[in-house]
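Please keep the sequence and the model open side by side as you read.

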Amino acid sequence: MSYNPEYSSTNPQQPTPKKRDDRAIIYGVLIAALLATWGYIIYDKSKSNESITQLQTQYSNVDSARNEVQTQYNDALARLDSATGNNTELQGALTERQSEINNLKKQITSITGRRNATAGELERARGLINQLNMRIDDMYVEIQRLKTENQTLASSNKRLSSEKQQLSTEKGQLEENLSSTEAARQQVEDVASTLHASNMNITPLRVKGNGKEKETTTAKRVDLLRISFDVDENRIAATGNKELYVAVTAPDGRPVTMASGSGTFDTRDEGTKTYTNRVTLPYEQGKRSAVSFDWKQEAKYQLGQYKIEVYHNGFKIGEGTKTLKKGGLFG
């Protein structure tokens with residue numbers, strides 16, 4: 001008889017256990033994992049959105065800061081243009097300051113021109129803009145000082161110009177006065193140096209066959225007229241040859257002329273006049289001189305009064321007359 005353990009007296013028969021159903025557990029685990037995954041995704045997305053928001057905020061802040069820096073820079077440039085644009089004449093005196101300002105502008109523009117400038121760079125740009133404004137303030141002070149100096153110089157130039165004009169006017173007046181005085185002096189000297197004639201005389205002479213001369217007043221017996229006069233001393237007239245013009249007028253009013261030596265000359269008061277003879281007198285300053293010359297004509301001398309006039313320097317300096325008469329029974 002075979003042995004069957006299932007029917008052993010020491011091992012009584014027990015009921016067979018039911019097989020466990022693990023699907024619920026698996027489903028639960030899967031659902032839990034899915035929920036955890038979704039939660040992580042949602043959490044991660046939330047963190048990502050938060051990071052994006054923070055980045056956007058940071059970018060907005062940086063962009064706002066950059067715009068603020070740019071605005072400050074533009075304001076500084078406007079002040080700079082206002083300081084230099086209307087003061088072209090002062091730019092030469094501000095060359096050194098302008099060089100410093102240009103260097104600051106170059107650095108600031110290098111930062112503000114970058115879209116991705118960092119906050120630190122923008123802060124540095126603010127510092128440079130502050131330095132730029134300080135340089136511009138210094139420039140305003142310098143410009144005001146230069147303007148004051150220019151105004152002082154302009155005022156001085158105006159005063160000097162006025163004084164120069166006044167001096168020029170006074171100089172012109174002095175020159176005019178000197179010219180008038182010189183003209184008056186020359187006129188006085190001209191008149192004062194004019195000689196004077198005295199002892200004017202016309203001597204009618206009859207010349208005999210033996211050459212002897214006899215004075216006569218009978219017209220038909222006159223052979224020649226001797227004209228003579230003295231030139232008085234003059235302490236103004238300089239020593240030297242003096243030209244004297246002697247004009248003789250016949251009784252009929254016509255000027256007497258000689259075959260040689262007669263001509264015309266200009267007088268100061270009578271215009272052009274005919275002279276009978278021109279005499280060159282070697283004059284010595286301050287001494288009296290005698291002048292004499294003869295006039296002879298082929299025709300008979302006229303009855304009536306002969307007039308003699310002597311001129312020097314265009315002025316009449318003396319005159320005299322002589323009358324020739326008709327002869328008597330024994331004339």
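What follows is a short briefing on the fold, the charged pairs, the rings, the surface and the backbone.

This is a predicted model, in which local features need pLDDT of at least 70, side-chain atom pairs count only at pLDDT 80 or more, and totals for chains, interfaces and linings use all residues. Residues are numbered from 1 along each chain as its sequence is written, and side-chain values use heavy atoms, with hydrogens and water left out. The protein has three helices and 10 strands, where helices (H or I, at least four residues) and strands (E, at least two) are DSSP runs numbered from the N terminus.

**Overall layout**

- Along the sequence, the elements follow the pattern α-α-α-β-β-β-β-β-β-β-β-β-β.
- Of the 331 residues, 27% count as buried; buried means under 20% relative accessible area, exposed over 50%, and partly exposed in between (1.4 Å probe, protein chains only).
- The accessible areas come from the Shrake-Rupley method with a 1.4 Å probe, and for residues only the protein chains shown count as cover.

**Salt bridges**

- Side chains of opposite charge can pair when their charged atoms come close.
- A salt bridge here is a side-chain nitrogen of Lys or Arg within 4 Å of a carboxyl oxygen of Asp or Glu, and by this rule the count comes to 18 salt bridges.
- One of them joins the side chains of Arg226 and Asp294, at 2.8 Å from N to O. This pair links distant parts of the chain, with Arg226 in strand S3 (residues 224-231) and Asp294 in strand S8 (residues 289-295), 68 residues apart.
- Arg226 is partly exposed, with a relative accessible area of 25%, and Asp294 is partly exposed too, at 34%.
- Asp232 forms a salt bridge with Arg288, their closest N and O atoms being 2.8 Å apart. Asp232 lies in the loop between S3 and strand S4 (240-249) and Arg288 in the loop between strand S7 (277-283) and S8, so the pair ties together parts that are 56 residues apart in sequence.
- Asp232 is buried because its relative accessible area is 14%, whereas Arg288 counts as partly exposed at 46%.
- Glu319 and Lys316 form another salt bridge, with 3.9 Å between the closest N and O atoms. Glu319 is partly exposed at 45% relative accessibility, and Lys316 is partly exposed at 36%.
- Glu319 and Lys316 also belong to a network of salt bridges that links them with Glu270, Lys273, Lys307 and Glu309.

**Aromatic rings**

- A pair of aromatic rings is described by the distance of the centres and the angle of the planes.
- Rings of Phe, Tyr and Trp (its six-membered ring) pair if their centres lie within 6.5 Å; planes under 30 degrees apart count as stacked, over 60 as edge-to-face and the rest as tilted.
- The count by this rule is seven aromatic pairs. Among them is the tilted pair of Phe265 and Tyr275, with 6.0 Å centre to centre and 55° between the planes.
- Phe265 lies in strand S5 (residues 263-266) and Tyr275 in strand S6 (residues 272-275), so this pair ties together parts that are 10 residues apart in sequence.

**Surface patches**

- Patches are made of residues with over 30% relative accessible area and no salt bridge: like charges are joined within 9 Å, and nonpolar side chains (Val, Leu, Ile, Met, Phe, Trp, Tyr) within 5 Å.
- Lys and Arg count as positive and Asp and Glu as negative, while His and the chain ends are not counted. The place of a charge is taken as NZ of Lys, CZ of Arg, CG of Asp or CD of Glu.
- Arg206, Lys208, Lys212 and Lys214 gather in a patch of positive charge on the surface.
- Lys212 sits in the loop between strand S1 (197-207) and strand S2 (213-215), and counts as exposed at 56% relative accessibility.
- A nonpolar surface patch of about 1,200 Å² is made by residues including Ile26, Tyr27, Trp38 and Ile41. Ile41 lies in helix H1 (residues 23-85) and is partly exposed, with a relative accessible area of 47%.

**Backbone points**

- Most residues other than glycine have a negative phi, and most peptide bonds are trans.
- Asn199 has a positive phi of about 55° although it is not a glycine. Asn199 lies in strand S1 and counts as exposed at 54% relative accessibility.
- Asn313 has a positive phi of about 60°, again without being a glycine. Asn313 is in the loop between strand S9 (304-312) and strand S10 (315-324), and is partly exposed at 27%.
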